[in-house]
Amino acid sequence: MKGWTRGRARGRARDGARRLAAPLGVAAGLAAAAGYVAAVDPNRPGRYPACPLLRCTGLYCPGCGGLRGLHALTHGDLTGALGANALAVAAYAAFAVFWCVWFTRALRGRGGVSLSPRARHWWGLAAVVLLFTVLRNLPVGAALAP
């Protein structure tokens with residue numbers, strides 16, 4: 001009876017490790033990427049490739065300033081991060097919440113997080129990104145420009 005109980009406990013531990021592998025792997029990858037951006041300053045020219053849209057048209061894309069914002073966040077400068085790209089900071093925060101829910105569900109054995117966005121969600125997200133992009137390229141939205 002004791003051997004059966006120990007074997008069952010080991011099986012549960014293996015199942016728990018498998019459930020946590022994906023969220024912890026994603027966290028490790030993102031931590032490595034954030035660590036690199038924290039160490040290699042995107043504010044210094046030549047460190048990262050330039051945005052092709054900005055280079056060709058002079059217009060800011062929705063991602064322009066995202067690396068500078070992440071660099072500022074990794075150094076504890078929320079105001080600087082919001083000034084670089086507020087939409088990217090909001091996306092980082094939304095992903096952090098999503099990851100916490102995913103990790104908690106995996107830890108409790110409830111599986112992953114099932115997202116099933118409908119077309120209206122995608123259209124809403126596209127509208128927010130488009131509005132942000134247009135506003136940051138107009139004089140009225142100069143505060144949103146990096």
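Predicted model: local features only at pLDDT ≥ 70, side-chain atom pairs only at ≥ 80, totals over all residues.

Visitor: What share of the residues in the protein is buried?
Guide: To count as buried, a residue must have under 20% relative accessible area. Of the 146 residues in the protein, the buried ones make up 21%.

Visitor: How far apart are the end C-alpha atoms of helix H5, and what span should its 18 residues have?
Guide: Helix H5 covers residues 119–136, and at 1.5 Å a residue its 18 residues should span 26 Å. The end C-alpha atoms agree with that expectation, since the distance between them is 26 Å.

Visitor: Which residues of H5 are buried, and which are exposed on the other side?
Guide: Buried in H5 are Phe132, Thr133 and Arg136. They cover an arc of only 100 degrees around the axis, and therefore lie on the same side of H5. What covers these buried residues includes helix H4, residues 78–107. On the other side of H5, the exposed residues are Ala119, Arg120, Trp123, Leu130 and Leu131.

Visitor: How are H4 and H5 oriented to each other, roughly parallel or roughly antiparallel?
Guide: The axes of H4 and H5 come within 11 Å and cross at roughly 165 degrees, and H4 passes H5 in a left-handed crossing. The contact is made by Ala84, Asn85, Ala86 and Leu87 of H4 together with Val128, Val129, Phe132 and Arg136 of H5. Since an angle over 145 degrees counts as such, the two helices H4 and H5 are roughly antiparallel.

Visitor: At what angle do the axes of H3 and H4 cross, and what does that make H3 relative to H4?
Guide: The axes of helix H3, residues 66–74, and of H4 come within 7 Å and cross at roughly 110 degrees. Because of that angle, H3 is roughly perpendicular to H4.

Visitor: Which residues of H3 meet H4, and in what handedness of crossing does H3 pass H4?
Guide: From H3, the residues Gly66, Arg68, Gly69, Leu70, Ala72 and Leu73 meet a set in H4 that includes Leu78, Gly80, Ala81 and Tyr92. The buried residues of H3 are Gly66, Gly69, Leu70, His71 and Ala72. As for the handedness, H3 passes H4 in a crossing that is left-handed.

Visitor: Which residues is Ala34 in contact with, leaving aside its neighbours within four places in sequence?
Guide: Ala34 lies in helix H1, residues 2–39. Between Ala34 and Thr74 there are 40 residues of separation in sequence, yet C-alpha to C-alpha they are 7.1 Å apart in space. With neighbours within four places left aside, the contacts of Ala34 are Leu70 and Thr74.

Visitor: Is Leu135 exposed or partly exposed, and what is its relative accessible area?
Guide: Leu135 is found in helix H5, and beyond its neighbours within four places in sequence it is in contact with Val140, Gly141, Ala142 and Leu144. Ala145 is 10 residues from Leu135 in sequence and 8.6 Å from it in space, C-alpha to C-alpha. Leu135 is partly exposed, with a relative accessible area of 29%.

Conventions. Residues numbered from 1 in each chain as written. Heavy atoms only, no water. Helix = DSSP H or I, 4+ residues; strand = E, 2+ residues; numbered from the N terminus. Expected span 1.5 Å × (residues − 1). Buried < 20%, exposed > 50% of the residue type's maximum accessible area, 1.4 Å probe, protein only. Arc of directions from axis to C-beta. Contact = heavy atoms within 4.5 Å. Axes fitted to C-alpha atoms, helices over the stretch in contact; angles between N-to-C directions. Parallel < 35°, antiparallel > 145°, perpendicular 65-115°, else oblique. Left-handed = near helix turned anticlockwise from the far one by under 90°.
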